[in-house]
Amino acid sequence: MNYEPLFLEPEFKDYIWGGKKLKDIFKKNVKNEECTAESWEISTNKNGESVVKNGKYAGKTLTEVFDDKNLRKDIFGTKCIELNEFPLLVKFIDANNSLSVQVHPDNEYAMKNENSLGKCEMWYILDCDYGAQIICGVKPGVSKETLNKYINSDKIAEYLNYIDVKKGDSIYIPSGTIHALLGKTLVAEVQQNSNITYRVYDWGRVGKDEKPRELHINKALEVINLERSSQIKNIPNNIEKVNVVKSEFFTTNKINVLDEFKENISDESFIAFSLVEGKGNLKINDNVYEIKKGDSFIIPACSKQYELKGTMELLQSYI
């Protein structure tokens, strides 16, 4: 049986550090035009579910489609048959101001303490100001004792590892890595399907209620791995398909379409796409769909082949 691709309507988050780029750059139909922080593009997470926009399943949440066992193999692939939940969460993030310094637990800790998957994630820098930085890990030689001593004070910022970033950079962040997106940075994020975040430091800010946002120091100290850090990988635009991340949880590639790109696919996994630049057409099973910058969609695992035509850049993720 042939299935249409699933084009998805995202869920928006208006956290205090967000800005206007999701509306201005991706033309998203945001609810808060002054401060939208995240667009959960492909999500079954209970904190924000994507909704199918087209075809037979229009109006259904992606969760409802995934939970239909009759569709699981054909749409999501053989690797998803026994899963309890959709494995990925794909976002666009507008860090107009700095996020909190934070850390995510691994699967074992998260399942035991939060009844959730852990969180490994990948950032792909879509746009940023000159001189933009991120935090990833701690400075060389910083001990657990030093971290314990200063984690409750502003001085903690002095011991964090700051990394320069530019457009086209990618960063893989395993669970246990202390990290933060700093201001004026627009990213695409691919992650495990988890919303478990332990805040370590929040720059002295207050939330919408004028109170300091909650920190999670004790849990953070339990899961931080000081050996964890990440190297920046710049992804070229002159290679048709280049790997961004290959992990046990997901693989993400960058596809640069200059005219035409055609690929056969396995029945093991769906393919999640986010179109980050340009526009064109997607062809599956003799059906053609117009696609544009900011679109996110899932190609069913049973599709066998798809074809892209136009000039565009896409992130492709699967398990």
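Strand 10 (residues 169-173) and strand 14 run antiparallel and are joined by two bridges. Asp-169 has Asn-234 in strand 14 as its bridge partner. Strands here are DSSP runs of E with at least two residues, helices are runs of H or I with at least four residues, and both are numbered from the N terminus. Two strands pair if DSSP finds at least two bridges between them.

The model is predicted: local features need pLDDT of at least 70 and side-chain atom pairs count only at pLDDT 80 or more, while totals for chains, interfaces and linings use all residues. Residues are numbered from 1 along each chain as its sequence is written, and side-chain values use heavy atoms, with hydrogens and water left out.

Seven strands form an open sheet with antiparallel pairing, in the order 2-3-5-12-7-10-14. Strand 2 (11-13) and strand 14 (233-234) each have a single partner strand, so one side of each has no neighbour in the sheet.

The largest pocket has a volume of about 420 Å³. A pocket is an open set of points on a 1 Å grid over the protein atoms alone, where a 1.4 Å probe fits, with protein on both sides within 12 Å along at least five of seven lines; lining residues have an atom within 4 Å of a point. Grid points are joined across faces, edges and corners, and the volume is the space filled by probe spheres set on the points. Of the 20 residues lining the largest pocket, Tyr-15, Trp-17, Gln-102, Thr-197 and Arg-199 lie nearest its centre. Strand 5 (88-95), strand 7 (121-128) and strand 11 (179-181) each give two or more residues to this lining.
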